[in-house]
Amino acid sequence: MANDGTLPLSWTPLIDSLDLVALPAAEAVRAGAVPSARVAPVEDHLADTAAFCEAYGVDETTTANCVIVKGRGGG
């Protein structure tokens with residue numbers, strides 16, 4: 001992914017940066033649910049998709065403003 005913005009995205013394995021996700025996601029990662037997941041910290045004030053894309057040089061068509069976790073209900 002090209003970065004034409006002013007801020008860099010520094011990707012690391014999610015297992016090494018569990019402090020960047022909510023506790024349920026961290027627990028799923030610890031359990032081995034997503035071994036290849038990566039994460040990059042971003043500035044809090046750039047959480048808006050348009051602001052994020054501009055600052056980090058990311059095309060809006062390649063972003064998602066959510067985390068998808070596979071799960072199964074009991075019952």
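Me: What share of the 75 residues in the chain is buried?
Reply: In this predicted model, buried residues make up 20% of the chain.

Me: Why is Phe52 called buried?
Reply: Phe52 has a relative accessible area of 18%. The cut-off for buried is under 20%, so Phe52 qualifies.

Me: And what makes Tyr56 buried?
Reply: The relative accessible area of Tyr56 is 3%. That value is under 20%, so Tyr56 counts as buried.

Me: How many aromatic pairs does a search of the whole structure find?
Reply: One. The pair consists of Phe52 and Tyr56, with ring centres 5.1 Å apart. Centres must lie within 6.5 Å, so these two rings pair.

Me: Why is the pair of Phe52 and Tyr56 called tilted?
Reply: Their planes are at 35°.

Me: What separates Phe52 and Tyr56 along helix α2?
Reply: They are four residues apart in that helix, which spans residues 49–56, so about one helical turn lies between them.

Me: Which residues form the largest nonpolar core?
Reply: Phe52 and Tyr56 are among its eight residues, together with Leu9, Ala40, Leu46, Cys53, Ala55 and Val58. A second, separate core has five residues, including Leu18, Ala26, Val29 and Val39.

Me: What pattern does the chain follow along the sequence?
Reply: The order is β-α-β-α, from two helices and two strands.

Key
Residues are numbered from 1 along each chain as its sequence is written. This is a predicted model: local features need pLDDT of at least 70, side-chain atom pairs count only at pLDDT 80 or more; totals for chains, interfaces and linings use all residues. Side-chain values use heavy atoms; hydrogens and water are left out. Rings of Phe, Tyr and Trp (its six-membered ring) pair if their centres lie within 6.5 Å; planes under 30 degrees apart count as stacked, over 60 as edge-to-face and the rest as tilted. Buried means under 20% relative accessible area, exposed over 50%, partly exposed in between (1.4 Å probe, protein chains only). A nonpolar core is a set of buried Ala, Val, Leu, Ile, Met, Phe, Trp, Tyr and Cys residues joined through side-chain atoms within 4.5 Å.
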